[in-house]
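Biologist: I would like to go through the labels on this model one by one. Please set each value against its cut-off.

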Amino acid sequence: VMLEIIMDFLEGYEERLMIIEGGMMSGEYERVEREAHRMAGTVSTFHCSELVNLLKKMEMYAASNQLEELKQAYSLVEKNL
């Protein structure tokens, strides 16, 4: 099961990042929040606490429409994946 989770993540994380980036650009913060939440859940199974914390911050920033903070957190997530 773990191998399937890893494979699904590796096959889909770039698409999720594109969805998040598109959501930030178009102001679809609910979509960004939802995708960041999904990614945080998956990444938490890998015990990558720093990355999970960044994704949770993205989720929080998206929920409160804090675009600059969201962009900064997204940049860090993108660099660390």
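Predicted model: local features only at pLDDT ≥ 70, side-chain atom pairs only at ≥ 80, totals over all residues.

Modeller: Residues are numbered from 1 along each chain as its sequence is written, and side-chain values use heavy atoms, leaving out hydrogens and water.

Biologist: Why does Leu55 count as buried?

Modeller: Buried means under 20% relative accessible area, exposed over 50%, and partly exposed in between (1.4 Å probe, protein chains only). Leu55 has 1% relative accessibility, so Leu55 counts as buried. Leu55 lies in helix α3 (residues 49–63). Helices are DSSP runs of H or I with at least four residues, numbered from the N terminus.

Biologist: What does Leu55 touch, not counting residues up to four places away in sequence?

Modeller: Leu55 touches Ala36, Met39, Ala40, Val43 and Val77. Contact means heavy atoms within 4.5 Å.

Biologist: How many aromatic pairs does the ring rule give?

Modeller: The count is two. Rings of Phe, Tyr and Trp (its six-membered ring) pair if their centres lie within 6.5 Å; planes under 30 degrees apart count as stacked, over 60 as edge-to-face and the rest as tilted.

Biologist: Why is the pair of Phe9 and Tyr13 called stacked?

Modeller: The ring centres of Phe9 and Tyr13 are 5.5 Å apart and the planes are at 15°, so the pair is stacked. Phe9 and Tyr13 are four residues apart in helix α1, separated by about one helical turn. Phe9 is buried at 13% relative accessibility. Tyr13 is buried too, at 18%.

Biologist: What makes the pair of Phe9 and Phe46 edge-to-face?

Modeller: Phe9 and Phe46 are 5.5 Å centre to centre, with 70° between the planes. That angle is over 60, so the pair is edge-to-face. The pair links distant parts of the chain, with Phe9 in helix α1 and Phe46 in the loop between α2 (29–44) and α3, 37 residues apart. Phe46 is partly exposed, with a relative accessible area of 24%. Phe9, Tyr13 and Phe46 form one aromatic cluster.

Biologist: Which residues form the nonpolar patch on the surface?

Modeller: Met2, Leu3, Ile6, Met7 and Leu10 form the patch, with about 450 Å² of accessible area together. Areas come from the Shrake-Rupley method with a 1.4 Å probe; for residues, only the protein chains shown count as cover.

Biologist: How do you know that Met2 is partly exposed?

Modeller: Met2 has a relative accessible area of 38%, so Met2 is partly exposed. Met2 lies in helix α1 (residues 2–26).

Key
Patch = residues over 30% accessible without salt bridge, like charges linked within 9 Å, V, L, I, M, F, W, Y side chains within 5 Å. Salt bridge = Lys/Arg side-chain N within 4 Å of Asp/Glu carboxyl O. Helix = DSSP H or I, 4+ residues; strand = E, 2+ residues; numbered from the N terminus.
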